[in-house]
Each structure stands twice: as structure tokens, then as C-alpha cells.
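User: Please take a close look at one part of this structure, the strand pairing and the side chains that go with it. I would like one connected account, with the cut-offs stated.

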Amino acid sequence: QVQLVESGGGLVQPGGSLRLSCAASGSTFRFYTMGWYRQVSGKQRELVADITSDYKTNYEDSVKGRFTNSRDNAKSTVYLQMNSLKPEDTAVYYCNQAMGAMNHWGKGTLVTVSS
């Protein structure tokens, strides 16, 4: 089975940076698009960024220019570098692997941006 484990969340001040990591196991990692989603209480989970098997990236407009998605296939790990963080970025961030019609999710890591 696919297992995804996020890490790197925490409390940061506005304007600060964090790097999230998602370690994957149980699949041939390099074959699949990986995504980062975030969710605030009472709201739907939303796509933040994704990265395809051939390293193409896409970003939600509000994070474009601030966040960078990358992957290291040798380590079966995807990263989300988050710079210039804003309070609006506060959420639980989830790692996702799209495997055909089946999505796999990590348990999430909390990012809090606050003074």
C-alpha cells in the first residue's frame, strides 16, 4: 500500500519560510504526479501545487512566486518550499499521490503563520 508522510510544518511569522517534505513508499514514486493540498477548518481541501513525473509544476495563483514544488525521485520525496508566508497560508497541508483513479493522502502537517 502507498504511504505518504508529511513533515516540516510549524509556527512561523508572516514573511517567514518553511519547507515541507512528503516521503512516499509503497509505489514506484517516479511514475506519479504528486500534489500539495491545504485545508482550513470548515473549508474544502484545495490544491496548492503539484508536480508531474516529468517535473512539470503547477501552482495555485495565490502561492505563485512564493512556493516552489520539487521532487527527488531517488529519495521518493516531494518538497514544498514556502517563502513569504502570509497568515492566509495557515492550514493543514496534505501530500497527495495520483495513482490512476485512486488518490492517496498523507495525514497532514500543520502550518501556522502568525505574529
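Analyst: The account starts with the strands, then turns to the disulfide, the rings and some loop residues. The model is predicted, so local features need pLDDT of at least 70 and side-chain atom pairs count only at pLDDT 80 or more, while totals for chains, interfaces and linings use all residues. Residues are numbered from 1 along each chain as its sequence is written, and side-chain values use heavy atoms, with hydrogens and water left out.

Strands here are DSSP runs of E with at least two residues, numbered from the N terminus. Two strands pair if DSSP finds at least two bridges between them. Strand β4 pairs with strand β9 (residues 91–99) in the antiparallel sense, over 7 bridges. Within this pairing, R38 has Y93 in β9 as its bridge partner. β4 also pairs with strand β5 (residues 46–51), again antiparallel, over 5 bridges. There W36 stands opposite A49 of β5. The hairpin of β4 and β5 has 6 residues between the strands, and in it G42 takes a positive phi near 85°.

The structure holds 1 disulfide. C22 and C95 form this bond, with sulfur atoms 2.0 Å apart. The torsion about their S-S bond is about -80°, so the disulfide is left-handed. The bond links distant parts of the chain: C22 belongs to strand β3 (residues 18–25), C95 to strand β9, and 73 residues separate the two. Both cysteines, C22 and C95, are buried, a class that means under 20% relative accessible area, with exposed over 50% and partly exposed in between (1.4 Å probe, protein chains only).

Next come the rings. Rings of Phe, Tyr and Trp (its six-membered ring) pair if their centres lie within 6.5 Å; planes under 30 degrees apart count as stacked, over 60 as edge-to-face, and the rest as tilted. The structure holds 2 aromatic pairs. One of them is F31 with Y32, edge-to-face at 6.3 Å centre to centre and 70° between the planes. Y32 has 21% relative accessibility and therefore counts as partly exposed. Y37 and W105 also form an edge-to-face pair, with 4.9 Å centre to centre and 70° between the planes. This pair brings β4 back in: Y37 lies in β4 (residues 33–39), W105 in strand β10 (residues 102–105), and they are 68 residues apart. W105 counts as partly exposed because its relative accessibility is 35%.

R45 lies over the face of Y94, 3.6 Å from the ring centre. R71 places its charged end over the ring of F29, at 4.5 Å from the centre.

Most residues other than glycine have a negative phi. S76 is not a glycine and has a positive phi of about 50°; S76 lies in the loop between β7 and β8 (77–82). S76 is buried because its relative accessible area is 19%. S84, in the loop between β8 and β9, also has a positive phi, near 50°. At 40% relative accessibility, S84 counts as partly exposed.

Technical notes: Helices (H or I, at least four residues) and strands (E, at least two) are DSSP runs, numbered from the N terminus. A charge sits over a ring if NZ of Lys or CZ of Arg is within 6 Å of the ring centre and within 35 degrees of the ring normal. A disulfide is a pair of cysteine sulfur atoms within 2.5 Å.
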